[in-house]
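Dear colleague,

I am passing on the structure we spoke about, with some notes on what came out of it. Please read them beside the model itself.

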Amino acid sequence: MGLYDAYLAVRHRRHPGDPPAHVALAITERDLLEAGAFDTLSAFLEWAFEYGADRATVSVSVLDESVVPTLARRFRDLDAPAPIAVRGPDDTERADAPIRVGIGLGGKAEFAEAVRSIAADAATGELDPDDVDEERIAERLVFPADPDLVVKTGAERLSDFAIWQSVYAELYFTDVNWRDFRKRDYLRALIDFQDRQRRFGR
């Protein structure tokens, strides 16, 4: 660790604010085509758990769904600090592993599937429409947990990431491209998070 990285690590640890328990990363398939991209990803997850997170979510937006099987295989083979659950565009099975990865599974599509599932149960009488609340919707999502911090590199847009779950998340945008993302960039995101006063919509 370089001197500046060590300084940031000390600043983070001495900060009175709590670190994020659930860190999310929004990236694109193009990011993962860069040389060393998965090494950076493995390091990112190590940093997340090293500095206080117990959950991590990675959302990969894709333009070409033919790359999904290859990316999914790379994620399943990833050297990671905790078990990984990978879900693709057509998956509806809930992901409960400490590390959750969605490849081409957009937030709008995920939310729409949850609504269809609730509507189907209401139509058959298995669910009273009056019982539909935030908790009922959340339990139908593939990625039910809400991230505390969402990190997005390269551009200030979320690319259809978890529109339901991230409504109260703290968003951190950096113009550092994924291929250049380093530990110091992650620590800057943590300190920025700790400096904020979270309001949760209030």
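Just after helix α5, Gly125 takes a positive phi of about 85°. This is a predicted model, in which local features need pLDDT of at least 70 and side-chain atom pairs count only at pLDDT 80 or more, while totals for chains, interfaces and linings use all residues. Residues are numbered from 1 along each chain as its sequence is written, and side-chain values use heavy atoms, with hydrogens and water left out. Helices (H or I, at least four residues) and strands (E, at least two) are DSSP runs, numbered from the N terminus.

Helix α5 itself covers residues 107-123, and its 17 residues reach 24 Å from the first C-alpha to the last, close to the 24 Å expected at 1.5 Å a residue (the expected span being 1.5 Å times one less than the number of residues). Gly107, Glu110, Ala114, Ile118 and Asp121 are buried in α5, where buried means under 20% relative accessible area and exposed over 50%, with partly exposed in between (1.4 Å probe, protein chains only). These residues lie on the same side of α5 because they cover an arc of only 75° around the axis, the arc being that of the directions from the helix axis to the C-beta atoms. The face turned away from that buried side carries the exposed residues Lys108, Arg116 and Ala123, and what covers the buried residues of α5 includes α6 (134-138).

Glu110 leads on to Gln165, as the side chains of these two residues make a polar contact at 3.2 Å (a pair of N or O atoms within 3.5 Å; within protein, one must be able to donate a hydrogen and the other to accept it, and residues adjacent in sequence count only if both atoms are side-chain atoms). Gln165 is found in the loop between β5 (149-153) and β6 (170-174), and is buried, with a relative accessible area of 3%.

Ala95 sits in the loop between β3 (84-87) and β4 (99-103) and counts as buried, at 0% relative accessibility.

Technical notes
Contact means heavy atoms within 4.5 Å.
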